[in-house]
Amino acid sequence: KEIILMVEYSVYTNIGGREVNEDAVNAIALDCNFGFIVCDGLGGQGMGDKASKIVVDCFCDFFKSSEINESFLPKAFDYAQSTLMEEKNKLNIKKQMCTTAVALAINESTAYVGHIGDSRLYFFEDGKLTYKTLDHSLPQMLALQSEIKEEDIAHHPDRNKLLKAFGTEWDKPMYSIAKPIKIKKDQAFLLCTDGFWEWIDIKTICDSLSKSNNAEKWLSNMVEIVKKNHVVDNYSAIAVVKK
């Protein structure tokens with residue numbers, strides 16, 4: 001029998017209280033393969049919107065011409081980094097044009113996750129959190145060293161201090177790739193920028209998932225919660241549900 005991969009997804013981005021939306025998001029589906037990416041340009045350094053768009057475009061272009069397997073995300077991320085650095089060199093830019101990224105690629109049997117910076121992915125099975133990416137940030141390091149609690153990261157005074165990002169010089173890849181995830185029923189993924197996750201905790205994300213029968217409803221429920229906080233930053237998310 002033919003196996004049909006039932007994947008639902010919903011995409012959202014909002015400028016928040018900023019003058020420019022430096023987040024870039026996209027979802028792409030081709031045959032039974034799906035790709036999702038969320039980027040958050042580093043606004044404080046300038047041209048973050050350009051950086052995030054370049055990385056998203058590179059990911060989508062690479063997705064269209066590649067097989068989705070364990071080597072896909074490292075190759076896609078390397079391609080995005082080299083393209084971004086080439087553009088920076090053309091413009092003679094040093095510190096500007098940097099961005100975070102979190103990406104999810106799914107084929108008929110497996111999901112692959114990679115990230116850099118503090119844009120996050122949460123993975124749920126049967127409505128429970130199974131995996132969360134670890135931020136490449138100073139507060140995350142403090143949490144790993146038990147100097148602060150994990151829940152204190154969201155509003156830590158040094159939360160904007162990132163240790164890794166696309167668009168910075170590196171001798172070896174700075175991104176993190178998770179262990180492959182076997183695809184089965186009743187799984188869900190949330191990809192989001194810090195402007196989104198800092199205003200909604202894991203319990204609320206789980207509650208919203210349990211009250212939703214599809215990806216669009218799940219995401220819209222979370223967006224309403226985030227909006228109530230009058231978010232200053234850009235905030236973006238993609239919700240993905242495997243039926």
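Colleague: To start us off, which residue is the bridge partner of Leu 121 in β10?

Modeller: Happy to. The bridge partner of Leu 121 in β10 is Leu 191. Before going further, a word on the ground rules: this is a predicted model, in which local features need pLDDT of at least 70 and side-chain atom pairs count only at pLDDT 80 or more, while totals for chains, interfaces and linings use all residues. Residues are numbered from 1 along each chain as its sequence is written, and side-chain values use heavy atoms, with hydrogens and water left out.

Helices (H or I, at least four residues) and strands (E, at least two) are DSSP runs, numbered from the N terminus. Two strands pair if DSSP finds at least two bridges between them.

Now to the sheet itself. Five strands form an open sheet in the order β1-β11-β10-β6-β7, and the pairing is antiparallel. At the edges are β1 (7–14) and β7 (128–132), each of which pairs on one side only. From one strand to the next, the twist averages 15 degrees.

Strand β6 (residues 120–125) is antiparallel to β7, to which four bridges join it. In that pair, Glu 125 stands opposite Lys 128 of β7. Two helices pack on the sheet. Helix α5 (residues 202–210) touches β6, β7 and β10 (187–192), where touching, like contact, means heavy atoms within 4.5 Å. The direction of α5 makes about 50 degrees with that of β6; here axes are lines fitted to C-alpha atoms, for helices over the stretch in contact, and angles run from 0 to 180 degrees between N-to-C directions. Helix α6 touches β1, β6, β10 and β11, and its direction makes about 25 degrees with that of β1.

Strand β10 is mostly covered, since six of its six residues are buried (buried means under 20% relative accessible area, exposed over 50%, partly exposed in between, with a 1.4 Å probe and protein chains only). Both faces are covered: Gln 187, Phe 189 and Leu 191 are buried on one side, and Ala 188, Leu 190 and Cys 192 on the other.

The axes of α5 and α6 are 8 Å apart, and the helices pack at an angle of about 140 degrees. From α5, the contact is made by Thr 204, Ile 205, Ser 208 and Leu 209; from α6, by Trp 218, Asn 221, Met 222 and Ile 225. By class, this contact has five nonpolar, three polar and no charged residues (Ala, Val, Leu, Ile, Met, Phe, Trp, Tyr, Cys and Pro count as nonpolar, Asp, Glu, Lys and Arg as charged, and the others, Gly among them, as polar).

One last stop is Asp 233, in the loop between α6 (215–227) and β11 (235–242). Asp 233 counts as buried because its relative accessibility is 16%. Leaving aside neighbours within four places in sequence, Asp 233 is in contact with Ile 15, Gly 16, Gly 17, Arg 18, Asp 194 and Gly 195.
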